[in-house]
Each structure stands twice: as C-alpha cells, then as structure tokens.
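Please read the following report alongside the sequence and the model.

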Amino acid sequence: MITLGNLLATQGDGGVQQLDDHLFAGLLEAAPDAMVCVDADGRIVLVNAQTERLFGYGRDELIGQPVEMLVPDAARDVHPGHRTVYVANPRPRPMGAGMELAGRRRDGTTFPAEISLSTIDTEEGILVSAAIRDVTQRLLVAETAAQLASIIQSSHDAVIGKTLDQVITSWNPGAERLYGYTAAEAIGGHAEMLIPAEEDREREAEVVAAVGRGERVDQYDTRRLRKDGTTVEVSLTMSPIADRTGTIIGVATTARDVTEHRRADARFRGLMEAAPDAMVCVGRDGRIVLVNAQTERLFGYGRDELVGQPVEILVPDHVRGLHPAHRAGYLADPRPRPMGADLELAGRRRDGSTFPAEVSLAAMGTGEEFLVTAVVRDVTERLEIAAEQERLRTQAERDKLKRHLHQSQWLESLGQLAGGVAHDFNNLLGVISNYAAFAGEEVAKEAPDERWQTVRDDIGEIQKAAEQAAELTRQLLAFARQEMIQPRVLNVNDAVLGVEQMLIRTLGEHVELITDLAADLPPVLADPGQIEQVLVNLAVNARDAMPQGGKLIIHTASTSIDDTASQGEVPPGHYVSLKVSDTGTGIPKDILDRVLEPFFTTKPKGEGTGLGLATVYGIITQAGGHVRIYSEPGLGTSFTALLPITEQHMALAAPPPAEPPRGHGETVLVVEDEPAMREVTRRILDRSGYHVVAVASGQDALDVLASQLEHIDVLLADVIMPRMQGKEIADKIRILQPAARVVFMSGYTQALLGAQGVLEPGVHLIEKPFSESTLLTKLHEVLSTHN
Ligand SMILES: Nc1ncnc2c1ncn2[C@@H]1O[C@H](COP(=O)(O)OP(=O)(O)OP(=O)(O)O)[C@@H](O)[C@H]1O
Ligand SMILES: [Mg+2]
C-alpha cells in the first residue's frame, strides 16, 4: 500500500526516504508519459518530470492547483462532471473512449493526447492517476500512412506487396482490376501465379532476390497471367519493403498495363512506316530518335546509322552550319508548319548527293518526351513535272504564235491575190458602167418616150450589176488593205452613234442593241466610213447568228496592252477597243481560224459572200490595229478591234462635196494603157468643159510634153502601166511643165502608199472605178490648190 505520506515525501523537499518510495519515485520519473495524480477535489497532488516538460509548467505551479488547468478551454467546464462519473466507477481505463482528447500547455496551446486513468487508494482517500501521452507524432504518422494507403488503393496501377519468398502480403484494387483476383484470393498466395512462363518465373525470382539484396532494378516490361488465363503486357517496377530496422523484408511491385500503349505505339509505328514520306523524329537536343523505312530509302542510311546522330547529318553541307539556329527558332515556337516556306530546301543523302525537298514539322509531347517530327518529301519529280509543264506551256504559246503568224501571212498573201484581181476587175467595171451610162444617155436623148424602154431597162440592169461588182471589188481591196482611205482623227464613239439608227433597222425587232460607250475616249486615226463599215459588217453577222433574237452589245473603251497581255500579237501600247458582242450561236473552234479569210462563209450560196470579216480585218489592220475574236459555241461571239490611239487632235469635219464642178477649158493629159478606160475618161472630161489629150503609154505622154505644143494643166495618169509607171511620168512632167498638177488613177494603190496606206503629201489619187462626179470633183480640187 502506498501512503500519501510516502507519495508526498517523494514530491516534497526532504523527508524520510524509504526504498519503496525510491522505487515508486523512480518508476514515476521513468515513465514515458506525463503522470498526474489528482485528489477527490480535483486538485493536483503529484506530477512527474514528463508532466513539466509536456505542459510547460514547473512542479510548484501545478501542485495544489485544479487539474482543469491542464484541460483545453473548450472542455474545461465539462471536466469536473467527467471526473465525478469516473470516481463513481473507478476502473482503470483509457479516458474518453471515442473522444479526441487534448491537453493544454502553459502557453495556451493544445496537443492531442491519449490519457489512461487508474485509481490509487491512499489513507487520505482515493487519488486518480492519469497517464497522458502526446500523440501528435503518432497521429501524423498514422495520417501519412493512411494517405499512402489511399494513394495505393486508388492507384490505377496494380500494386502488390510480397515477401522475399514471393508470398503476397498486400493487394490493391488496381491489382484486382488488372489480374482479376480479389485481395482475399490473392493475399497469402504465391506471386508466381501471376507469371505465365517458366523462364519468366526464374527471371523474376532473380530480380526479387536482387531487390532483396538492396540492388536497384530498372523498370522493365514483361507479361502477367490473369485469373482468367489471359496474359497482359505490363511495365513493372520493383522496390524494396523494409521493416523499421531497415531490413528488407519484402518487395513491392507496381505493374502498369501497357497493352493499349503498345497498341498505340504499334499503330504509330505502322502509320509512320506506311507514310509515303520520310519521317524523322528528333529530340530536343537535335538527335535523331526514330526514323521510318522511307527515311532509309530516301537518304540511303540504315536506321542504326541514323538513330542517335544529329539531324544535321541529313542537311546539305553548305547549309549545315545554319541548321541548329533554325532548330532553335522552331523550338521557340513549335507549331506544326511547313518548314522554310519559300526556301529552297534540300536533303543530303549518305553518298553526299542532294535532292530538293519539301519539309514540314510537328512537335509532340513535353519535357523528356518532346519530339519534333520532320516529314521530308523528295520533290525532284514534282519539280521536273512542273518544269515539263512550263516547257509545254511555252511550246503551246510558241505554236499559237506560229499559227497566228501563219494565219496573218496567209491572209497577207490572200490580200495580194485579191488586190491584183480587183485591180484588173476595176478597170473592166469602170468601162462597163461608164459605157452603160453613155448608152443610157444616148437612148434617153434619141428616144425620151416609151420607145426603147426595154433598152433603157437593160442598161439600168447593167449598171446595177456593175455597181454590185464594184462593191465587191471595193471590199476585196479593203481586205487587201489597198482601198484608198482618208484617215482622220476620229472618236470611235461618233462612228458608233453615226450608224446606230441604221443598225437598229438592220438588226430587226428580235435583236436588242445595247451601246456602252466609254466617256473621254481618246481619238484614233481612221477613215470614219470604214469604221462604220466595220460596225455594219459585224452587226449583220451577229444578226445572222441570232435567228431567234438576242442582244448585240457595242462597247468602247480605252485600254493599254502591256507585254504580258500582248501575247506577241499586239504590240504593247495604248489602244481604243471597239468590241461587238452577240449572244448568238458562236463560232465552232475548227473554223475560228478561217473566218477572216475572204470568201469563207458558212452561209448558203447567195446569202453570204464571205467578205464581211475579211473587210473588217483589212480595215482594222490598215488602220494599224488588230482584230481579236473570242467565241463560245452556243453562247456567243465577240469581235474586238484594237485601234492605236493617235496623238493628233480632232480636226473639224470636211464640208460635204457640192455639185460636180465643170472645167474651164483646162488641158488634161490622160495617160491610160487600157483603151476602154482611156476612152471613158476622155469622154467624161470632154463634155465637162476640159480640153483632153489622151495617150496610151508613158512614151506617148513624154512625146506630147516634149513637143511643147500643149500646155498641160493636169496630168491624169494610171499608176501601173507596162514599161513606164505613172510615177516616172509624173517625175518627168515636174521638170518639163512644173506648173502641172498630177493625179493618179488606180484601183491598186500599193505602189503609191506608204506603210500606213497613206499618200505622200502633194500626191493626188483617184480610185478606180470612179464615177463622173468623183473625177470632176477631184480635178476641181486639184486645180484650185496652189502648187
Ligand atoms: N457573230 C458571228 N456569230 C457566229 N458566226 C459568225 C459570226 N460572224 C461571222 N461568223 C461566221 O464567219 C463566217 C464568215 O463571216 P463573214 O462576215 O466574213 O462572211 P458572211 O457573213 O458569211 O458573208 P458576207 O458577210 O460576205 O455576207 C460566217 O459565214 C459565219 O459562219
Ligand atoms: Mg458577214
């Protein structure tokens, strides 16, 4: 029995020391916990050194104080009640089962505590002794353990613990999921049940032994057997489990299912190998990590020779130095993109040869796993194809030019032929129509009444036919660019407006005429009558192409042709474009090249002569311009005449000619080798007040001049005659009779025309066949000018 006196003796200063007391005091002080004895009133009667340390009070401050000073504020009020309950049934027991207990230190802080109570029976009455342990540390450890356990519980990986003998000691839900065994089924079992093959078991046993010896084991890939007999690919890590003393007592293995990963990896590789391009994966350090079979083929290296090498090995020597900087640039902003846009990239083969390449880049992964994939395509072939296409295109262009040239040469020779025929024809027509006119006059004079009416009608028919024939030859001459023209500074819009009403009548009701004329159109140099003729011919063609009706659009504009637009056919420069478009049948491709030819027509006999477009062509080219045809079969056709802009200013229109003026006895020397023509001319002049000397050749003319018998006012000479040309005679007369004027007659003007088809200044020309009034007007005009 321990007496209170004994107890007090150990606590107080001095007093009787007994062995038992010593023993008790020693025990008390040796206890790892704080020990506090409290009397029935709740006052502290005894504490040990641990109490002082734990609560921060000195012994003196505690003895005699209510034990509630060691209770946290929140629980202090209810504590005396707990004490009373305990004393009523004082069995040794842990205090406050199920409650979180706490102690309060001197500084007011609290700590989690575990307290167990017991009673001590003394002479002074019952004392309650409390053993108080600070469990802060233990709670922390428990918490950490709980956290670790829950991490393992929630891990997707299969985490199992086993002894060094491979007896399973722990099994997480991840293991249940992966292997199919529950924890209850697995724990206590042998880990070899998870290993499918004998040789794998041996190997694993070795690994476990190595881990048991404290050796480090890298993660490795292997296979595991499931409960259902299937196997699964896993990536495995093993780590030692040590007991408190650090002795390795088991092994923890973490297994991750990599089947899916493998599959993805295999798919990725499959993709890479299937790709038609070389694919090179490069790590952050610029070293090659992975290549596909195409890379081997394209660059001529084996895989082994490439993996681990700097990617620069694939870069041509002369740019190799720059490449790392490019790489750094890409890494700074690793978006998927084609590499070196507009750069000419190249790859270098193992043998040092290079090839043009197209490269695109993509980055994947992060951190250690970061890879840049370069997709490299050899574009040699594509470049060759592009070059070939370019060559064919130029060839086609050249062919087109050639065809074009061919066509204009062809038209040119046709023109010469037509011009020659027309020349001879004109003479004949002049004779026919003038003699018909004389005959008509004679008949009218001799038989003005009904008599001879049929003869008069016949003569009229002859004249009509001759006029039609003259019209034909005129067109031929226009095509041959040998028509006598009177170019003026002209606004093409005025020409359009001048014929607009006539065109509306010609086109008929079914065809709508739309004019779209440019304001401020610059002037061109052309014969207004000819431009009108162009418009009429094009409009008539368009009408014929639109039997069901449609639209005819006349559009004028000023336009510049540069080198590229010229396509070699039109010299670059400024032009007025006159475009006549229709919504008609269009022109089939195979005849497009021929429509400009004279006498080319698709119209039934008698409806078209095929001279319309030939005339247009002749007129426009004679004016220094160009004709372009664009036709879409089924949709319509447009003809564009490009006329060069002139720098000259608009002249005032010449006044219209008055009544044909008569002569006043002036002497005209007519030189014409064609007798009929000579006679016609002689007769016209003779009866119109002129004195005529008519000769048949240049030599005769010279004789007349040399004889000095005649004073010649006008020399009227055919341009082209056998032996001596009109021009020669003209040169002579300038010497012999310098006052004489010179007028040439011709249907064939080439010999006198300059390149532009314009007469030299001071040279007068009258076109065959000419009417009486034309001849008289011309002579009057010539005679009234001063030399
Ligand atoms: N606007 C057009 N639409 C469809 N075809 C056209 C057009 N203009 C001309 N052609 C085709 O070109 C051919 C030649 O035209 P061109 O004007 O030279 O002669 P033509 O009209 O047949 O006869 P002519 O004009 O001498 O009376 C025509 O017969 C026709 O086939
Ligand atoms: Mg026509």
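R320 is partly exposed, because its relative accessible area is 29%, where buried means under 20% relative accessible area, exposed over 50% and partly exposed in between, with a 1.4 Å probe and protein chains only. This is a predicted model, in which local features need pLDDT of at least 70 and side-chain atom pairs count only at pLDDT 80 or more, while totals for chains, interfaces and linings use all residues. Residues are numbered from 1 along each chain as its sequence is written, chains are lettered from A and ligands numbered from 1 in the order in which they are written, and side-chain values use heavy atoms, with hydrogens and water left out.

The partner of R320 is D317, and the closest N and O atoms of this salt bridge are 3.2 Å apart; a salt bridge is a side-chain nitrogen of Lys or Arg within 4 Å of a carboxyl oxygen of Asp or Glu. Both D317 and R320 belong to helix α14 (residues 317-320), where they are 3 residues apart, about one turn of the helix. Helices (H or I, at least four residues) and strands (E, at least two) are DSSP runs, numbered from the N terminus. Across the whole structure, a search finds 39 salt bridges, and the table sets out some of them.

| Salt bridge | N to O distance |
|---|---|
| D317 and R320 | 3.2 Å |
| R543 and D544 | 3.1 Å |
| E781 and K778 | 3.9 Å |

In the pair R543 and D544, R543 is partly exposed, with a relative accessible area of 28%, and D544 is partly exposed as well, with a value of 33%. The pair E781 and K778 lies in helix α26 (residues 772-784), with the two residues 3 apart, about one turn of the helix. Here E781 counts as partly exposed because its relative accessibility is 38%, whereas K778, at 16%, counts as buried. Elsewhere, salt bridges link D33, E114, R133 and R138 in a network.

Attention now turns from charged side chains to nonpolar ones. In soluble globular proteins, nonpolar side chains tend to be buried together. The largest nonpolar core in this model has 50 residues, and those with the most contacts inside it are V492, I531, L552, I554, L578 and I620; such a core is a set of buried Ala, Val, Leu, Ile, Met, Phe, Trp, Tyr and Cys residues joined through side-chain atoms within 4.5 Å. Helix α19 (residues 528-545) gives the largest share of this core, 7 residues. Not counting residues up to four places away in sequence, V492 touches L521, V524, T556, V576, L578 and L643, where contact means heavy atoms within 4.5 Å.

How do two of the helices pack, and at what angle do α24 and α25 meet? Helix α24 (residues 698-707) and helix α25 (residues 726-736) pack at about 5°, with their axes 11 Å apart, the axes being lines fitted to C-alpha atoms, for helices over the stretch in contact, and the angles running from 0 to 180 degrees between N-to-C directions. That angle makes α24 roughly parallel to α25, since angles under 35 degrees count as roughly parallel, over 145 as roughly antiparallel, 65 to 115 as roughly perpendicular and the rest as oblique. On the α24 side the contact is made by G698, A701, L702 and L705, and on the α25 side by I729, K732, I733 and L736.

Some single residues complete the picture. D520 has a phi near 55°, a positive value in a residue other than glycine, and D520 lies in the loop between β19 (511-516) and β20 (524-526). With 76% relative accessibility, D520 counts as exposed. F599 also is not a glycine, yet has a positive phi of about 70°; its place is in the loop between α21 (589-592) and α22 (612-622).

A470 is found in helix α17 (residues 453-479). Leaving aside neighbours within four places in sequence, A470 is in contact with L429 and P769, while A470 and V85, 385 residues apart in sequence, are 150 Å apart in space, C-alpha to C-alpha.
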